[in-house]
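Biologist: I'd like to learn how to read helix packing and a nonpolar core. Can you walk me through a case?

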Amino acid sequence: VELQSGGELLFCAHHAREHGDKLREVAAAVHDETHKLGETPAAPADSPLYARLFGDEDSARLFTDSAEVRAMLLVEGALAKVQGALGLIPAESAAFLHRASFEVQIDPSALAVETATNGVPVPALVTAFRAACNAPDHAAFAHWGATSQDIMDSALALRLKRLLELW
């Protein structure tokens with residue numbers, strides 16, 4: 001979004017759609033680049049050609065789609081655990097979600113269509129996580145009060161911490 005007052009704002013697709021009317025009020029121009037998401041190549045860590053750029057196989061594994069999904073799940077679980085301890089969500093739901101974040105298996109490729117639509121994987125991940133929990137009363141509290149960026153940034157920090165431990 002190019003602002004009428006100068007400068008620009010960047011939005012992931014699902015937030016741009018959600019706030020589109022208000023954005024257009026202050027925008028000089030809006031550029032929707034979601035079509036580029038399908039053009040993006042696989043992550044270098046997934047490539048036999050480029051994976052060794054990360055130094056070794058253990059480092060490269062931290063940047064696979066599976067590692068990203070697991071890290072995001074762990075963040076969702078930790079978030080629930082803390083929110084339960086603070087009384088923001090029911091303690092029983094917090095414990096359930098924390099445990100489920102370690103146990104649930106989510107195929108990253110199952111998130112691809114919704115990720116292309118939203119521009120980020122978190123909405124698809126939350127939907128899949130809630131479904132995989134098979135406990136709607138608890139699953140309703142997953143991702144409580146968080147943003148997609150909160151989850152993605154925290155998940156990246158977890159993987160970078162591990163990378164630093166390896167190096």
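Modeller: Let's start with a contact, meaning heavy atoms within 4.5 Å: V69, M72, L73 and E76 in α4 meet V122, L125, V126 and F129 in α7. Helices here are DSSP runs (H or I, at least four residues), numbered from the N terminus.

Biologist: What kind of model is this, and how are residues numbered?

Modeller: This is a predicted model, where local features need pLDDT of at least 70 and side-chain atom pairs count only at pLDDT 80 or more, while totals for chains, interfaces and linings use all residues. Residues are numbered from 1 along each chain as its sequence is written, and side-chain values use heavy atoms, with hydrogens and water left out.

Biologist: How do I describe two packed helices?

Modeller: You give the angle between their axes and the distance between the axes. Axes are lines fitted to C-alpha atoms, for helices over the stretch in contact, and angles run from 0 to 180 degrees between N-to-C directions. For α4 and α7, the axes come within 11 Å and cross at roughly 70 degrees. The two are therefore roughly perpendicular (65 to 115 degrees).

Biologist: Which way does α4 pass α7, left-handed or right-handed?

Modeller: The crossing is right-handed, that is, the near helix is turned clockwise from the far one by less than a right angle.

Biologist: And what about α4 and α9?

Modeller: The axes of α4 (residues 65-85) and α9 (residues 148-166) come within 8 Å, crossing at roughly 110 degrees. That crossing is right-handed too. On the α4 side the contact includes A67, A71 and L79, and on the α9 side I151, A155 and R159 are among the residues.

Biologist: Now the core: which residues touch the most other members?

Modeller: A nonpolar core is a set of buried Ala, Val, Leu, Ile, Met, Phe, Trp, Tyr and Cys residues joined through side-chain atoms within 4.5 Å, and buried means under 20% relative accessible area (1.4 Å probe, protein chains only). The largest one has 27 residues, and V69, M72, L97, I106, L125, F129 and C133 touch the most other members. At least two residues each come from α4, α5, α7 and α9.

Biologist: Where is I106 found?

Modeller: I106 lies in the loop between α5 and α6, and is buried, with a relative accessible area of 13%. Leaving aside neighbours within four places in sequence, I106 contacts V69, L73, L111, L125, A128 and F129. The C-alpha atoms of I106 and A128 are 7.1 Å apart, though the two are 22 residues apart along the chain.

Technical notes. Buried < 20%, exposed > 50% of the residue type's maximum accessible area, 1.4 Å probe, protein only. Parallel < 35°, antiparallel > 145°, perpendicular 65-115°, else oblique.
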